[in-house]
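I opened the notebook for a structure that is new to me. My notes on what I looked up follow.

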Amino acid sequence: MSRPSSTGPSASKPCSKPPPPQHAPSPAAPPAAATISAAGPGSAAVPAAAAVISGPGGGGGGGGGGGGAGPVSPQHHELTSLFECPVCFDYVLPPILQCQAGHLVCNQCRQKLSCCPTCRGALTPSIRNLAMEKVASAVLFPCKYATTGCSLTLHHTEKPEHEDICEYRPYSCPCPGASCKWQGSLEAVMSHLMHAHKSITTLQGEDIVFLATDINLPGAVDWVMMQSCFGHHFMLVLEKQEKYEGHQQFFAIVLLIGTRKQAENFAYRLELNGNRRRLTWEATPRSIHDGVAAAILNSDCLVFDTAIAHLFADNGNLGINVTISTCCP
Ligand SMILES: [Zn+2]
Ligand SMILES: [Zn+2]
Ligand SMILES: [Zn+2]
Ligand SMILES: [Zn+2]
């Protein structure tokens, strides 16, 4: 009882990835396959079959960061400005090290410097400034993304953890593979994808077939396509990689072009069907703010090996039924 397999427009093209750091021969995509990197910002010619993307897009971005703090007093600002690194203007946070003359520089910058940026004096041996560290522990610092709207102030030990998940952190390009360095607001993600990654096909509807062609391609390969429904855009990713030497696995996942909070309103189902067998995975889509890498690392997605892929593949092509639904809170 397999659903009719859609052909043609649903075929997603494999995209070559930069090879993993150590092993693996460099993945060579066949000439027919469009690669993500090939569709760089300069690429011309909209494909004739380019999918029409409708709907209001990602929807309201940002959203409450939670918490928040009252207006920061001038004295408080004066206090935090004492911790500004003279090189990068980020805060100098514990462990706080000073030059021979007492000037501070943050630890990231310090590693790249051969002398004090303020007095050109020696930075070694390291002199710790315990008094400033104590003051730092008594001060609340603004989030790194204060300029883009985050109003939180935090103890320095809580800052990195918050900044990793801050809703005001810029979004990175959701395309798997680290080739694209684009960053921007949530509202700009779709237009970035449409302009810089034109080879990605979009299908409309909540129930579609994600057809990955040539799953036998060697090396690490990504297949990507977009699905539009419920006024939102979802990115479907199938990634083939070798987590353990000699053991290739497939990882399939759905991302929402939206915030984590918006993602909680949806569920997705991935289903491999055929030859009197069925393999199903259901979960909440990931926000592109989290990306695919962590999900794949933790196997928090549909995972199967090449033997299973071959059970369901037809001529080297693998169709994955994707169903998106809304869930009432
Ligand atoms: Zn610095
Ligand atoms: Zn100095
Ligand atoms: Zn923040
Ligand atoms: Zn990109």
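What spacing do the donors of the zinc ion (ligand 2) follow along the chain? I read it as C-x3-H-x12-C-x2-C. I note that the model is a predicted one.

Entry on the zinc site. I looked up the protein donors of the zinc ion (ligand 2) and found Cys99 (SG), His103 (ND1), Cys116 (SG) and Cys119 (SG). They lie 2.1 to 2.3 Å from the ion. I then checked the angles among the four donor atoms, which are 105 to 113°, and the site is tetrahedral.

Cys116 is buried, with a relative accessible area of 2%.

Entry on helix H5. I went through residues 186-196 and listed Leu186, Val189, Met190, His192, Leu193 and Ala196 as buried. Seen down the axis of H5, these buried residues fall within an arc of 160°, so they line one face of the helix. I recalled that an α-helix has 3.6 residues a turn, so residues three or four places apart point the same way.

On the face of H5 turned away from the buried side I noted the exposed residues Glu187 and His195.

What covers the buried residues of H5? I found that the cover includes strands S7 (171-172), S8 (183-184), S11 (221-229) and S12 (232-244), and helix H6 (260-263).

Definitions and conventions: Residues numbered from 1 in each chain as written. Chains lettered and ligands numbered in written order. Predicted model: local features only at pLDDT ≥ 70, side-chain atom pairs only at ≥ 80, totals over all residues. Heavy atoms only, no water. Donors = N, O, S within 2.8 Å, 3.2 Å for Na, K, Ca; no water. Tetrahedral: all angles 85-135°; square planar, octahedral: opposite > 155°, others 65-115°. Buried < 20%, exposed > 50% of the residue type's maximum accessible area, 1.4 Å probe, protein only. Helix = DSSP H or I, 4+ residues; strand = E, 2+ residues; numbered from the N terminus. Arc of directions from axis to C-beta. Contact = heavy atoms within 4.5 Å.
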